[in-house]
Each structure stands twice: as structure tokens, then as C-alpha cells.
Amino acid sequence: QKQIKYLEAEVREEYIESKRNKSRLSASHRQILQGKPPYEGLQFQYKDLHRSRKFKGAMFGRYGTKSGVNPGQLWPTKRDISLAKEWEELYQPEPLSQSIEAIYKAEADKKASRMAIEAKIDANLDKLEANIEAFKRRTETKNRVNEGAKARRERILGELKAEFGYDVNPEDAMMKSRIEEREKVLIKEEREIKRQLKKEREAEKRRQQEEASS
């Protein structure tokens, strides 16, 4: 009896409000516009859609407890669970746990592969830097050898000029022979000087070590 009176009052209020309503919106639409749960579907269930769990779930998700929907009604039924299991068996041969495990494994493999590639790149970069340094050392050595050969040749030509009193032709057969012989002598002297310097450095190093240990 009280509910009937309440509904009559609601209808009367809605009728009066409709007369005042310039926008011609229904009471439910005005509720929605104001961010409130609509009457249609919640208080007045005109269609099968309004009685469906999907609609009630949408209303509860949007308006929460203000919708008046009992959240206990939104849980899947035994039939829903049974259908879900049948679907899983039909379209998903592997159990869900195995599928999840396979996804985790694929991600782990992908991460390991990426780390291996990054490690290889780092190793190649280190190798590249070592190769660059080795190339620089070879270039410097080659330049020193070339400079030494140039200085040696200039020295020999200077000696021959002092001997003959004029600039000799290095392409002359006799001069070529003199230059080659003198180069062999100078190279031998340079090597002897290097060996002597090396011995002196080693002796100095041993002396310093002995002083440090004493």
C-alpha cells in the first residue's frame, strides 16, 4: 500500500515536472544529465533488458550503490561458469594456467635473448675499440719507421754530399749501392742503441725494486 502511494506520488511529481520541463527531457534523462541513476530500468523495469544482469552490472558500475542494484546478483551463475568451461575446453585446448605459464616463459626467453644481443653488442664494441687502438699503434709505428727511414736517408745523402762536394743522384747505380750499405750500418747501430737503452731501463727498474724491498 505504501509503495503504491509512493509510486503515485512519483508519477504525479513526474507529471508536474514534465509541465515545468522546458527541455522536454524525461525524468530518467534528467537524472542521467544530473549524474544520478535513471528511474527507467532501475525503479521501472519496462523491458527484458532492464532485468538482465548485464544492464544491472552496467548501472552498478556507473552509479555504485546509488543504483540500488544488489551486487550479489551480478556474480556469474553456475550455468555461466559451465558455459565458460565448455568454451575454454573447445577454443582453448591448454588449461589457462599452462597458457599463462607459456606467456611468462616467452617473455623470459625474449628478455634473455635481448640481454644476449646486448652483451654481444657490448663485446663487439669493446673489440672494436681494441682494434681501433691496435690500428692507431700500428699507424704510429709505421709513421715512426717511415720517419726514421727518411731521416736515415737524409743523413746518408748529407754524408755523401760532404764526401763528394755535391748532391749525389740517389738513383745512380753506384750511389744506390753506397746508400744501401750505409743504411745497413746505421740500422745495425740503431738496433744496438735500442738494446743498450733497454738494458739500462731494465737495470734501473731492478735497482728501484731492490731499493723498495730493502
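In which helix is aspartate 122 found? I located aspartate 122 in helix α6, residues 96-164; helices here are DSSP runs (H or I, at least four residues), numbered from the N terminus.

Entry 1, basis. I worked on a predicted model, in which local features need pLDDT of at least 70, side-chain atom pairs count only at pLDDT 80 or more, and totals for chains, interfaces and linings use all residues. Residues are numbered from 1 along each chain as its sequence is written, and side-chain values use heavy atoms, with hydrogens and water left out.

I looked up aspartate 122 and noted 45% relative accessibility, so the residue counts as partly exposed (buried is under 20% relative accessible area, exposed over 50%, partly exposed in between; 1.4 Å probe, protein chains only). Glycine 61, in helix α4 (residues 53-63), counts as exposed at 63%.

I found Asp122 in a negative surface patch together with Glu118, Asp126, Glu129, Glu133 and Glu140. Such a patch takes residues with over 30% relative accessible area and no salt bridge, like charges being joined within 9 Å and nonpolar side chains (Val, Leu, Ile, Met, Phe, Trp, Tyr) within 5 Å.

Arginine 182 is partly exposed at 25%, and glutamate 159 is partly exposed at 30%. I recorded a network of salt bridges linking Arg155, Glu159 and Arg182.

Within helix α7, I recorded arginine 207 and glutamate 211, four residues or about one turn apart, with closest N and O atoms 2.4 Å apart. Arginine 195 and glutamate 192 also form a salt bridge, at 2.9 Å; these two are three residues apart in helix α7.

I found one aromatic pair (ring centres of Phe, Tyr or the six-membered ring of Trp within 6.5 Å; planes under 30 degrees apart are stacked, over 60 edge-to-face, the rest tilted). Phenylalanine 164 and tyrosine 166 form this tilted pair, at 6.1 Å centre to centre and 50 degrees between the planes. Phenylalanine 164 is partly exposed at 30%, and tyrosine 166 is partly exposed at 47%.

Terms used:
Accessible areas come from the Shrake-Rupley method with a 1.4 Å probe; for residues, only the protein chains shown count as cover. A salt bridge is a side-chain nitrogen of Lys or Arg within 4 Å of a carboxyl oxygen of Asp or Glu. Lys and Arg count as positive and Asp and Glu as negative; His and the chain ends are not counted. The place of a charge is taken as NZ of Lys, CZ of Arg, CG of Asp or CD of Glu.
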